[in-house]
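Trainee: Could you take me through this model step by step, giving the general idea behind each feature before the particular case?

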Amino acid sequence: MALNRRQFLIGAGGIAAAATTMGLGACAPGSSGGSGSQGGGGGEGGKTSLALAWWGNPTRNKNTDAMIAEYMKANPNVTITGQPGEFSSYWDKLATQTAGGQAPDIIQMDMNYISEYGTRGALLDLSKVDTSKFVEGTVDSGKINDKLVGVNAGINTAVILANPKVFEKAKMDLPDDKTWTWDQMIDVGAEVASKAGVPIGVAQLINSDTLFGAFVRQHGKELFTPNGLGFDVAEAQAWYDFLLKGVKAKAFGTPEQITEEAAKILDQSAIVTGRGALQYQNSNQLLAVSNAAGQKIEMLRPPSLAGKATERKGWYKASMLWSASAKTKNPDAAIAWINWFANTPDAAGIDLAERGIPPNAEVLAQVQSKFSPEQQVVAKFIQDIKTEVGNTPIAPPPGGGTIAELLSRHGTDVIYGRATSADGAQKFVTELKSNLQV
Amino acid sequence: MSAISELSTVRRAKATTPEEKRLRAKEASRDNKAGYLFLLPWLIGLVVITLGPMLASLYLSFTNYSLIQAPSWIGLDNYTRMLSDERFHNALKVTFIYVFVSTPLQLAVALVIALLLNEGMKGLPFYRSVFYLPSMLGSSVAIAVLWRQMFEVDGLVNQVLRLFGIPATTSWIGDPQWALWTIILLHVWTFGSPMVIFLAGLRQIPGMYYEAASVDGASRWAQFRKITLPLLSPIIFFNLVLQIINAFQAFTQAFVVSNGTGGPADSTMFYTLYLYQRGFVQFQMGYAAAMAWVLVVIIAAFTAINFFFSRYWVFYGD
């Protein structure tokens, strides 16, 4: 045998070194993405430069680029560099940039993350942005400790989407969403699934902290209060019992189908592929779902406990918000851009309802005629539910963003019978409490 | 070093006079300088890209660090918290099952295929490439996505089972009982790199040993046990060490198959995935750094154990 110990060790070292080098090589293209576009610094020849980061889809990227171009045309002394991204990696990158003191000046923000940044002083005070024309209930969600750090970029609300073709196949009418209860949703889901011969009646419930939030509010509680957790084990257990009941009634699919469905991207989800009749989504996704399904999709209100839509305590959700870095060198320029986005038809005329329905009522009135048919439906829906809206939920405190993952994980244990609903609820609440940093 | 020394004007003979000694020392220091200069690019890379961040992460592991605010010193708190962190224990369990099931299986498959390919068949380069292909693709995101679709309720695997009349309704990736095993299977499937190394090792075993054994009437099995295995043992050891280290660091497959959640119900929550979640999802980079250091210790321990036991079964030719 030609290989002796020394040769072996040298060989091992060589391969290890090669592996390391390859690892480094692989890292390079990914990491180079962010650093170059850091404008940050102030005036070269009186010019102000801003970096603007957002996550999105091809349509949103196109709109945002167009808005940036439009803004720079109107404000020749400002240079904006765009940093588009994709939702899941966006947060890794933003956290790393912030840690390195390199956060973009203008940041597209999400409700689940705003307090992580806001309570730690990473976000600029935006009280100078004019929100006086905003529809009631659309400003407060961007406040952390009474300070405005996120400006609503578009109104959203939780809805149940329905695939009318599946209902036709089952020879059923769409349910009356003004009177339906949670239990009736199970009945409808079970009936339509069995009559139409599809595996899933209602999809995407397992990880919906939003619907769970609606459920909790109807029980007279909140997900979060300024003091921490706003609900008890009892409400969580009631929710898990509801999920179990739906699984047993064959309304939500088998546990395996439920977990599988939860990991799917929108384009492959049950309502798009026609394997499901109903599905939880946010209202601004109607257009994307309709496009992916290539057919008309209907939008329904989430159910209520009392069977009365006016008592369902809905709310306007910020589909996303605009924040600015506390460390920006050009705070006034950043605020000016956010102000422009929020309050001018120039910006809204380009972005339309891509980021949700514009919260500024006057701006909405000026641009609504340009909306696509689906966006018109959403705008009308947002208007229609005005009387069903309760108080605005506060942003989840730091650590609260984990609620969806925890709700889903312990819920999975419950529907697989690995835990009772009482145990699952207890563990969910205990773990969430320990995650909260209030 | 030796190539540079040959340029030296000083003779190799032992230095005797103080003058010669001084010259020799100067010479040596020049040699050293040149050596370090050649080392420099690698050294800078090591210090700046590897060592620096490693030391920084060691410091961070003793702090409460949210990424957004400056770290604050909390001593050993992160480490003591791990003792009572049930999800951490679960992540350890999942990772250990993964490492100690998939590594031996993968090496066994790699060895068997290498033995078959070593028989000198027609079209060997073609087969070698075909068997190597999965390991080029296996850690890619595309394959993990494909894997997810193959093992769904109505995925390819169940469709094939149904062709044979088996009423397969299990979701292999959706059921917490099975999800980890689909990822283990994916790992075993990527046996290409150890296979190529085995193949190279097999090629180095002189054919005359087998000829002699055949003349003495040794069976194929006896030849495999008495000739192939001992002579291949350094290669097996090498593969074992590398693959265990690799397996402990598995991330991509679990991340993609479970959409970054480690689900269903934490059944594919690998150590590295949990570390990532703690650091980037829950903003607990201090805890994540502590976890990374515990992983370093675990991997070092297993590598040391491997080297310790190697003296009992690894046979070096000389």
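This is a predicted model: local features need pLDDT of at least 70, side-chain atom pairs count only at pLDDT 80 or more; totals for chains, interfaces and linings use all residues.

Mentor: Residues are numbered from 1 along each chain as its sequence is written, and chains are lettered from A and ligands numbered from 1 in the order in which they are written.

Trainee: How many helices and strands are there in chain A?

Mentor: Helices (H or I, at least four residues) and strands (E, at least two) are DSSP runs numbered from the N terminus, and chain A has 17 helices and 13 strands. A residue is called buried if 20 or more other C-beta atoms, placed from the backbone, lie within 10 Å of its own; of the 438 residues in chain A, 50% are buried.

Trainee: Into which domains is chain A divided?

Mentor: Domain bounds come from an automatic or database domain assignment, and here domain 1 covers 48-153 + 318-376, whereas domain 2 covers 158-314 + 399-435. The C-alpha centres of these two domains of chain A lie 29 Å apart. Two residues are in contact if their C-beta atoms, placed from the backbone, lie within 7 Å, and by that criterion ten residues of domain 1 of chain A touch seven residues of domain 2 of chain A. On the domain 1 side, α4 (111-118) and α15 (373-384) of chain A each give two or more residues, with the largest share, four residues, coming from α4(A).

Trainee: With which strands does β3(A) pair?

Mentor: Two strands pair if DSSP finds at least two bridges between them. Strand β3 (residues 106-109) of chain A pairs with β1 (residues 48-55) of chain A in the parallel sense over two bridges, where A:Ile107 is the bridge partner of A:Ala53. With β13 (residues 317-324) of chain A, β3(A) pairs in the antiparallel sense over four bridges, and there A:Gln108 stands opposite A:Trp322.

Trainee: How many residues does each chain give to the contact between chains A and B?

Mentor: The contact takes 32 residues from chain A and 32 residues from chain B. On the chain B side, helix α11 (residues 220-248) of chain B gives the most, with three residues.

Notes: A residue is buried if 20 or more other C-beta atoms lie within 10 Å of its own, exposed if 12 or fewer, and partly exposed in between; C-beta atoms are placed from the backbone.
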